[in-house]
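Please read it alongside the sequence and the coordinates.

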Amino acid sequence: MKVVLLHSALGDSRLWRRQVAALRPAHEVIAPDLPGWGTEPLPTEPFSFVDSVATHLPAALVGNSFGGAVALRTALAHPDRVSRLALVGSGFPAWDWTEEMRDHFAREEAAFDTGDLEAATEITMEFWVAPEHRDEVRPQQRRALELQTAHEEPEVIWPEMAPLGSLTMPVLVVVGDQDKGDFKAIAHHLADEIDGAELAVVPGAGHLVGIDRPDELNALLLDFLVSDTDGV
């Protein structure tokens, strides 16, 4: 099966290295950098994350956090070209964030707006990433901030969002039991609203499940990606 892994906004495609190694023996695996992360500069003209991902379809999509939101929007826009959808600590459009999350976003944005990328990176590390993984994730986040401040941010174009209930492909929703409350609530919302969706809560994992508990996530994905039907 062709599998496309979409990374969190906390880093880039390198966040998936443990999953790429586990999935590649059985699947064709692509882990692209989204525009504005890793090797991909931020576009100067209006652009679409969904259109960027759609160039890799048909495929199964796996997305973490912001990558989960992009995977979801892509599956809703191209349901006939997404064979399976796994949402890991996924974001969700227009979510009503708690005060904890709004305060964090405000602190991060304040540092970002003053051009203090070091401070913005550390705020992100302290809020999202377990101490033992910060040295790995920090340079990825710093690189993303450099790309995203290189010029004025262009408009991001999103397709109109179809109802969650319109998804018909198999869907797996994964969340760490140590993730922020908002993301645990989003996971339950997705599992409740998507017909037939399976919810898996990973003990001991925070927001970056693939780094915190790679063996557990790898096992979930390998089991989920086994298809007994013909298709993409």
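1. Ala-60 is in contact (heavy atoms within 4.5 Å) with Met-1, Lys-2, Val-3, Val-4, Ser-83, Arg-84 and Leu-225, leaving aside neighbours within four places in sequence. The residue belongs to strand β3, where helices (H or I, at least four residues) and strands (E, at least two) are DSSP runs numbered from the N terminus. With 0% relative accessibility, Ala-60 counts as buried; buried means under 20% relative accessible area, exposed over 50%, and partly exposed in between, with a 1.4 Å probe and protein chains only. Arg-81 is 21 residues from Ala-60 along the chain, and their C-alpha atoms are separated by 8.4 Å.

2. On the basis of the model: it is predicted, local features need pLDDT of at least 70, side-chain atom pairs count only at pLDDT 80 or more, and totals for chains, interfaces and linings use all residues. Residues are numbered from 1 along each chain as its sequence is written, and side-chain values use heavy atoms, with hydrogens and water left out.

3. The secondary structure of the chain comes to nine helices and six strands. The radius of gyration is 17 Å, close to the 17 Å that the globule rule gives for 232 residues, so the chain is as compact as a globular protein of that length. This radius is taken over C-alpha atoms, and the rule is 2.2 Å times the number of residues to the power 0.38. Along its principal axes the C-alpha trace spans about 50 × 40 × 35 Å. Among contacts between residues at least 6 apart in sequence, 73% join residues at least 24 apart.

4. Buried residues account for 51% of the 232 residues in the chain. The accessible surface comes to about 10,400 Å², and 49% of this belongs to carbon and sulfur atoms; areas come from the Shrake-Rupley method with a 1.4 Å probe, and for residues only the protein chains shown count as cover. The chain carries 17 positive and 39 negative charges, whose mean positions are 5 Å apart. Here Lys and Arg count as positive and Asp and Glu as negative, while His and the chain ends are not counted; the place of a charge is NZ of Lys, CZ of Arg, CG of Asp or CD of Glu.

5. Which residues touch the most other members of the largest nonpolar core? They are Leu-61, Leu-72, Leu-85, Val-137, Leu-167 and Leu-190, in a core of 45 residues. Helix α3 (residues 66-77) gives the most to this core, with five residues. Apart from it lies another core, of 20 residues, including Trp-16, Val-62, Ala-200 and Leu-217. A nonpolar core is a set of buried Ala, Val, Leu, Ile, Met, Phe, Trp, Tyr and Cys residues joined through side-chain atoms within 4.5 Å. Not counting residues up to four places away in sequence, Leu-167 touches Leu-72, Ala-75, Leu-76, Leu-85 and Ile-194. In soluble globular proteins, nonpolar side chains tend to be buried together.

6. His-27 lies between α1 (17-23) and β2 (28-30) and is buried, with a relative accessible area of 12%. Beyond neighbours within four places in sequence, His-27 is in contact with Met-1, Val-3, Leu-222 and Leu-225. His-133 is found in the loop between α5 (117-128) and α6 (134-148) and counts as buried at 13% relative accessibility. With neighbours within four places in sequence set aside, His-133 is in contact with Ile-211 and Asp-212.

7. Most residues other than glycine have a negative phi, and most peptide bonds are trans. The peptide bond from Leu-57 to Pro-58 is cis, with omega near 5°, and Pro-58 is in the loop between α2 (49-54) and β3 (59-64). Ser-65, although not a glycine, has a positive phi of about 60°; this residue is in the loop between β3 and α3 and is buried, with a relative accessible area of 10%. Ala-94, likewise not a glycine, has a positive phi of about 60°. Ala-94 is in the loop between β4 (82-88) and α4 (99-113) and is exposed, with a relative accessible area of 84%.

8. Finally, Ser-52 is in helix α2 and counts as partly exposed at 26% relative accessibility. Ser-52 and Pro-35 are 17 residues apart in sequence and 8.1 Å apart in space, C-alpha to C-alpha.
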